[in-house]
Amino acid sequence: MRIVADENIPLLGAFFAKQAEITTHPGREICRAHLMQADALLVRSVTRVDPALLAGTPVRFVGTCTIGTDHLDLPGLQAAGIAVSSAPGCNARGVVEYVLSCLLTFSERTGKAWRSQRVGIIGVGQVGSRLANTLTALGVDCLLCDPPRAERGESGFVSLDELLAQADVISCHVPLEHQGPHATKHLLNAERLARLAQGTWLINSSRGPVIDNQALAALLLQRPDLQVALDVWEHEPQVDLALAAQCALATPHVAGYSLDGKLRGTEQIYQAFCAHFQLPATLALSELAPTAGLATIVVNEQTPTDWSLDRALRWVYDVRDDDARFRAAMAGLPVDQIAKVFDQLRKHYPLRRECSHLQLAWQGAGDLPAHWLAAGFSG
């Protein structure tokens, strides 16, 4: 058995070395010639996979260690008889923590308490639902917009127009759909962006083309009141550096790049691979995950709990670090170097664990405050 894989998939050898011979390549460089003797192809979001890539190869299984599948031609692969598996929910917690960090940063810069803002969540799937649950448990008022779910008769959703009119914060978590009744390309177009209320905080960690980047750049020239965080870009890995300069926070598609999220993605595809080829799945992430980044913080009961919570969230992940690295790396770059540097920032991303790996030890009477556990920490 032979596997061709993106070189950036963590624990690839640990999970698959006993099952197959593995060859790795940079994800954007994987081509048909690499696959002429491969039984399976394992990718992340940067590799476009369609029947043309696999034509004439023995590949019969494609696994993407990501939530999203817009880089896969699903109808074409299905018609060609290729089995496809993704990793739904694998990096959802990392994205939730990215959004929380954006809220903390915008709160600091504007002087507005982040837990008093009404957060509008566009797209309530694996990521959006977890974000809503976390924010609600922390006492934050949320508006949910998910037209496909609303059309299926599910309750609790508002229209996009209602969300734009009522939300203080807008966070995008939709898949990229280019056409059809629920197309999301330029979902936030010039007309909708123009309706953003004074002082809106706008966060996009879904897919770049969900927001019309050209229209957003034009708007930001007129609306310095807006706080915008972009982790994804319309022509990624090429980035509009003028737009990045106008954003309050700019990062290189790393919102879900926690080590834990990547490892869960590998494990989910390992399980799907074994099921497809009828092999025993004998390994589990709990046996293989590294311990680097695990820590304990002792919290004294006399310390204000809201202050302590904000500090702990920032200890786990501070989006300002990624923003600073992004701006430093992109400063003065010629256009033909932007995409290469963008990919290098992702490839060499520093260690980042999730809240569940930070244990909070409570010094005082009673138990750890409930909202700390709601934020995802372990007690």
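Author: Happy to! One term before we start: helices (H or I, at least four residues) and strands (E, at least two) are DSSP runs, numbered from the N terminus. Also keep in mind that this is a predicted model.

Reader: Thanks! Where is valine 127, then?

Author: Valine 127 sits in helix α5, which spans residues 126–137.

Reader: Is valine 127 buried or exposed?

Author: Buried: its relative accessible area is 12%, and the cut-off for buried is under 20%. Valine 127 touches Ile67, Ala92, Val95, Val96 and His173, leaving out residues up to four places away in sequence.

Reader: Which positions does UniProt list under "binding site"?

Author: The unreviewed UniProt entry puts that feature at Gln126, Val127, Asp146, Asp231 and Gly256.

Reader: And where do I find glycine 256?

Author: Glycine 256 is in the loop between β11 (249–250) and α11. With a relative accessibility of 8%, glycine 256 counts as buried. Beyond residues up to four places away in sequence, glycine 256 touches Asn91, Gly94 and Val95.

Reader: Changing topic: what is the strand order in the open sheet?

Author: The order is β2-β1-β3-β4-β5, with parallel pairing across these 5 strands. At the edges are β2 (21–25) and β5 (83–85), each of which pairs on one side only. On average, neighbouring strands of this sheet are turned by 15 degrees against each other, direction ignored.

Reader: How many bridges join β3 to β4?

Author: There are 4 bridges, linking residues 40–43 of β3 to residues 61–64 of β4. Within that pairing, leucine 41 stands opposite valine 62.

Reader: Which strands does helix α11 lie across?

Author: Helix α11 (residues 259–276) lies across β1 (2–6), β3, β4 and β5, and runs at about 165 degrees to β4.

Reader: Now the inside. Which residues touch the most other members of the largest nonpolar core?

Author: Those are Tyr98, Trp114, Leu135, Ile203, Leu313 and Phe377, out of 47 residues in that core. Among the elements that supply at least two residues each are α4 (92–110), β6 (119–122) and α5. The largest share, 10 residues, comes from α4.

Reader: What is isoleucine 203 in contact with?

Author: Leaving aside neighbours within four places in sequence, the contacts of isoleucine 203 include Tyr98, Val99, Cys102, Leu103 and Phe106, and also Val169 and Ala229. There is a second, separate core of 37 residues too, with Val174, Leu226, Val239 and Ile338 among its members.

Reader: I always check cysteines. How many disulfides are there?

Author: The count is 0. Cysteine 65 has its closest cysteine sulfur in cysteine 90, but the distance is 7.7 Å, so that is too far for a bond. For cysteine 355 the closest cysteine sulfur is 14 Å away, in cysteine 102, so a bond is ruled out there by distance as well.

Reader: Are cysteine 65 and cysteine 355 buried or exposed?

Author: Cysteine 65 is buried at 2% relative accessibility, and cysteine 355 is buried at 1%.

Reader: Last one: which residues does the UniProt dimerisation domain cover?

Author: The unreviewed entry annotates residues 290–363 as "Erythronate-4-phosphate dehydrogenase dimerisation". Over residues 290–363 the chain is 50% helix and 16% strand, and the end C-alpha atoms lie 28 Å apart.

Key
Residues numbered from 1 in each chain as written. Predicted model: local features only at pLDDT ≥ 70, side-chain atom pairs only at ≥ 80, totals over all residues. Heavy atoms only, no water. Pairing = 2+ DSSP bridges. Axes fitted to C-alpha atoms, helices over the stretch in contact; angles between N-to-C directions. Contact = heavy atoms within 4.5 Å. UniProt positions renumbered as here; feature names shortened; annotations may be inferred. Buried < 20%, exposed > 50% of the residue type's maximum accessible area, 1.4 Å probe, protein only. Core = buried A, V, L, I, M, F, W, Y, C linked by side-chain atoms within 4.5 Å. Disulfide = S-S within 2.5 Å.
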